[in-house]
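Thanks for coming, everyone. I have one structure to walk through today, and I'll keep it brief.

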Amino acid sequence: MGLIRSDDVIESVADALQHISYYHPIDYIEALGQAYALEESPAARDAIAQILTNSRMCAEGHRPICQDTGIVVAFVKVGMGVRWETSGSGAMTLDQMINEGVRRAYGHPDNRLRASIVADPAFSRVNTRDNTPAVTHVEMVPGDHLEIALAAKGGGSENKSKLVMLNPSDSITDWVVKTVPLMGAGWCPPGMLGIGIGGTAEKAAVLAKESLMQPIDMAALKARGAQSRIEALRIEIHDAVNALGIGAQGLGGLSTILDVKILDYPTHAASKPVAMIPNCAATRHAHLHLDGSGPAWLPAPDLARWPKVDWKPSPEAVPVDLDRLTPEIVAGWKAGDRLLLNGRMLTGRDAAHKRMVDMLDRGETLPVDFTNRLIYYVGPVDPVRDEVVGPAGPTTATRMDKFTETMLARTGLIAMVGKAERGPGGIEAIAKHKAAYLMAVGGAAYLVARAIKAARLLAFEDLGMEAIYEFEVKDMPVTVAVDSTGTSVHQTGPAEWARRIAERAGERASTAAAGA
Ligand code: SF4
């Protein structure tokens, strides 16, 4: 029976978290390559190409797939026969070991990861600076080994988690199909849905999260056919969600999800708890096995297995000089236009917006002049080596909706860049002020950061990654997602692709009926 040393757990966790920060799981990248090959929607295909190209760049450059390097979640199965180091500096609790592994991984000098965790979540929300603590679930199992499944879960996808207590006779598929469109695209599809069924409310949520640790195998499942009712349900939900036409980044298309994972557990006769947690384009998980013989190391994947996709800007993309931006130029952009941004832009996200709006309400002057400027909703990773900024993809724009009317009405701001759709309040303010909202691809942060040629801190340094910077960009690719009339590609795109998919299904059904 092996003795599990604290250092072995710490080193294994630290190594695995570095590994998953820049290597997508092979099953995800191959499934996304398949989706790219089949995708017919030009906008969705372009977004998938950016995610695939970004993935290869990260694997080669050992830098994070996404600027949101996640909250660490650990599922630990501890063999009942495991013996632990219990004396000296090695005497630590399992939580302490995992948190030390997180600390080392996120502070790695060659690949510093973003510290995103805040303590006192209801009030002061102070960043813990080292991305601890992890969320750790422990289960005692037979045997004398330790199994650790680790994930680094992005906030954008975690925020779209849903829980419902259905009636026993209710359809799970109906609830999923009704609920997924309400989640918007802030979870950066294409990804996966993890579904937990049964137990109690909290058990269903844990099952949903744990199910996402499984590899993608929907194509293989469809090829061999369902062998259980759960497998049949996975296929049914997979097809029903993709028929919604949401598509990559919510732009409308054939692939919204690559797989559906389900775990279930017995429940009360009166209950049917169902939890659904999406996994995003930054799917990151690793599986470690420790038997007392030392740390578990993950082998580097074979980069030849990455699809041969090398994203380049569309020839139709229009260059924009941000240093000469005017309200008239912004008002001329149409939803769906592709732009390449050049020049200087400001940055800011949740905390900076809250502080600015509070300052305006108190009659104070802002530290930054937004007149005729564009703001990028971003919280970048710190730079390493010769980088001017680390991976710096967009964050979810809907969180800024409640500040948008004030920003457009009182600061001179005329355009915004973020991720996914805007909500009704944001769209109303954009149309009222003849502004525009542009979207960059979530999950392509390293690719986007290559367009950033200089970064200068302007204000709110105490907010860390949420401070206001001025970036100088060259050919940063964006799409006009809401134009000055209030037209949103996140409404028109999915509606169009849902219609096309339904038409094709109807044609297939007619052909089958004619042949019967
Ligand atoms: S891919 Fe999107 S949801 Fe996932 S971590 Fe990155 S920004 Fe967040």
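One caution at the start. This is a predicted model.

Domains, then. The domain assignment gives domain 1 as 1-24 plus 65-153, and domain 2 as 318-485. Their centres, taken over C-alpha atoms, sit 34 Å apart. The two domains do make contact, with 10 residues from domain 1 and 13 residues from domain 2. Look at the domain 1 side of that contact. By class, it has three nonpolar, four polar and three charged residues.

Next, helix α11. It covers residues 350-361, which is 12 residues. From first C-alpha to last, α11 reaches 17 Å, close to the expected 16 Å. Which residues of α11 are buried? They are Ala-352, His-353 and Met-356. Look down the axis of α11: these buried residues fall within an arc of 100°, so they line one face of the helix. That face has partners. The buried residues of α11 pack against α12, residues 401-410, and β19, residues 468-482. Turn to the other side of α11, and Asp-358 and Asp-361 are exposed. After the helix comes Gly-363, with a positive phi near 80°.

On to Val-417. This residue belongs to strand β16, residues 415-418. Buried or exposed? Val-417 has 25 C-beta neighbours inside 10 Å, and the cut-off for buried is 20 or more, so Val-417 counts as buried. Setting aside neighbours within four places in sequence, its contacts are Leu-374, Tyr-376, Tyr-377, Pro-394, Leu-438, Ala-440 and Val-478. There is also Met-439: 22 residues away along the chain, yet 5.4 Å from Val-417, C-alpha to C-alpha.

Compare Glu-328, in helix α10, residues 327-332. Glu-328 has 9 other C-beta atoms within 10 Å and is exposed. In sequence, Glu-328 and Lys-434 are 106 residues apart. In space, their C-alpha atoms are 8.8 Å apart.

Lys-434 brings me to the backbone. Most residues other than glycine have a negative phi, and most peptide bonds are trans. Here are some exceptions.

Lys-434 has a positive phi, near 55°. It lies in the loop between α13, residues 424-432, and β17, residues 436-439. With 16 other C-beta atoms within 10 Å, Lys-434 is partly exposed.

Gln-249 also has a positive phi, about 60°, and it is not a glycine. Its loop runs between α9, residues 229-242, and β10, residues 257-267. What is the burial of Gln-249? With 34 C-beta neighbours inside 10 Å, Gln-249 counts as buried.

Now the cis bonds. Thr-132 and Pro-133 are joined by a cis peptide bond, omega about 0°. Pro-133 sits in the loop between β5, residues 126-127, and β6, residues 135-141. The bond from Pro-189 to Pro-190 is cis too, with omega near 5°. Pro-190 is in the loop between α6, residues 172-179, and β9, residues 191-199.

That's my tour. Over to you.

How values were computed. Residues are numbered from 1 along each chain as its sequence is written. This is a predicted model: local features need pLDDT of at least 70, side-chain atom pairs count only at pLDDT 80 or more; totals for chains, interfaces and linings use all residues. Helices (H or I, at least four residues) and strands (E, at least two) are DSSP runs, numbered from the N terminus. The expected span of a helix is 1.5 Å times one less than its number of residues. A residue is buried if 20 or more other C-beta atoms lie within 10 Å of its own, exposed if 12 or fewer, and partly exposed in between; C-beta atoms are placed from the backbone. The arc is that of the directions from the helix axis to the C-beta atoms. Two residues are in contact if their C-beta atoms, placed from the backbone, lie within 7 Å. Domain bounds come from an automatic or database domain assignment. Ala, Val, Leu, Ile, Met, Phe, Trp, Tyr, Cys and Pro count as nonpolar, Asp, Glu, Lys and Arg as charged, and the others, Gly among them, as polar.
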